[in-house]
Amino acid sequence: MLPIARWLMRGTPYAAGGAALAAIVPWLFWLSAAIVALVTLRRGMLSALPALVAGALPAGWWWTQGDVIPLASVLLVTLMAVVLRERMRWSEALIAGTLAVAVLVQLGVFIPPGGTGPLLEQLRQSSDEIDQVLGELVRQGYDTEELATLLIGGITGLMVLIAAIGCLALARSWQAGLYNPGGFREEFHALRLAPRELALLVLLGVVGMVLGLPSLSMLAWVPLLVAGIALVHGFIGLKGMNGLWLIAFYGLLITTWPMILIVLLVAFIDVFADFRSRLAPRSD
């Protein structure tokens with residue numbers, strides 16, 4: 001996709017047109033977000049405004065049709081790109097994105113129009129087993145609509161955050177491919193949370209549980225997970241291992257919850273142990 005990125009960076013009209021076209025086409029919003037992020041990373045927020053507006057307008061139209069994900073993704077990736085450009089730290093961009101999505105989830109932005117009541121009613125009518133489960137929850141004193149709101153909003157927010165991280169990574173790889181070959185690989189392999197950043201994430205999770213803000217607790221672990229993934233990439237790169245190891249790793253990560261917990265634990269320890277520094281070959 002590097003030739004496409006090179007064409008987009010020929011000028012503002014190219015980037016704006018590409019962002020608008022991608023946002024119009026269903027399920028290509030991620031490409032629009034990546035284009036806006038690329039311009040933001042390379043030229044700054046002010047120069048990226050035409051591309052941002054061009055991508056946000058069609059995405060806003062999708063919002064009026066009941067799909068908020070395209071607009072949320074474009075704006076979120078742009079925010080993370082601004083932070084990454086200004087601070088030059090992936091960890092801070094990840095934390096900023098996590099906080100932004102937590103706010104959106106808490107505000108109910110990802111809830112379907114009309115709330116979750118009609119959806120629950122459809123589920124009750126479609127399956128007797130679901131009707132029994134929902135009835136049992138009601139008898140136990142749970143508010144099924146509140147639970148459904150939390151579940152739908154949280155899962156959608158998590159998907160948007162993961163997609164935004166992927167779009168930002170794509171934009172950063174484009175930038176590196178065009179202007180700094182190999183730079184993205186080196187940068188991502190070095191991604192590691194600082195102790196203060198880990199403390200902030202733990203604090204956010206605790207605050208979420210204490211103050212009844214579940215969105216914080218549901219999303220605070222995502223930056224740590226990304227740091228764990230970067231650690232695996234860095235380890236495989238340092239050891240010169242075959243790329244098939246990464247395929248196996250992602251297969252396990254996607255299909256098994258224990259693997260996610262292991263990655264989170266290793267990333268947590270890495271904050272203090274810095275495994276990559278210990279594993280790096282020492283020069284005489």
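Lys and Arg are counted as positive and Asp and Glu as negative, with His and the chain ends not counted; the place of a charge is taken as NZ of Lys, CZ of Arg, CG of Asp or CD of Glu. On this basis, the mean positions of the 17 positive and 17 negative charges of the protein chain lie 18 Å apart. The structure is a predicted model, in which local features need pLDDT of at least 70, side-chain atom pairs count only at pLDDT 80 or more, and totals for chains, interfaces and linings use all residues. Residues are numbered from 1 along each chain as its sequence is written, and side-chain values use heavy atoms, with hydrogens and water left out.

The protein chain contains 16 helices and 0 strands (DSSP runs of H or I, at least four residues, and of E, at least two, numbered from the N terminus). Its radius of gyration is 21 Å, close to the 19 Å given by the globule rule for 284 residues, so the chain is as compact as a globular protein of that length (taken over C-alpha atoms; the rule is 2.2 Å times the number of residues to the power 0.38). Of the 284 residues, 45% are buried (under 20% relative accessible area, 1.4 Å probe, protein chains only).

Within helix 9 (residues 144-179) lies T156, which is buried at a relative accessible area of 15%. A polar atom of the T156 side chain lies 2.7 Å from the backbone oxygen of I152. Neighbours within four places in sequence aside, T156 is in contact with I69 and F110 (heavy atoms within 4.5 Å).

Conventions:
Buried < 20%, exposed > 50% of the residue type's maximum accessible area, 1.4 Å probe, protein only. Polar contact = N/O pair within 3.5 Å; in protein donor to acceptor, adjacent residues only side chain to side chain.
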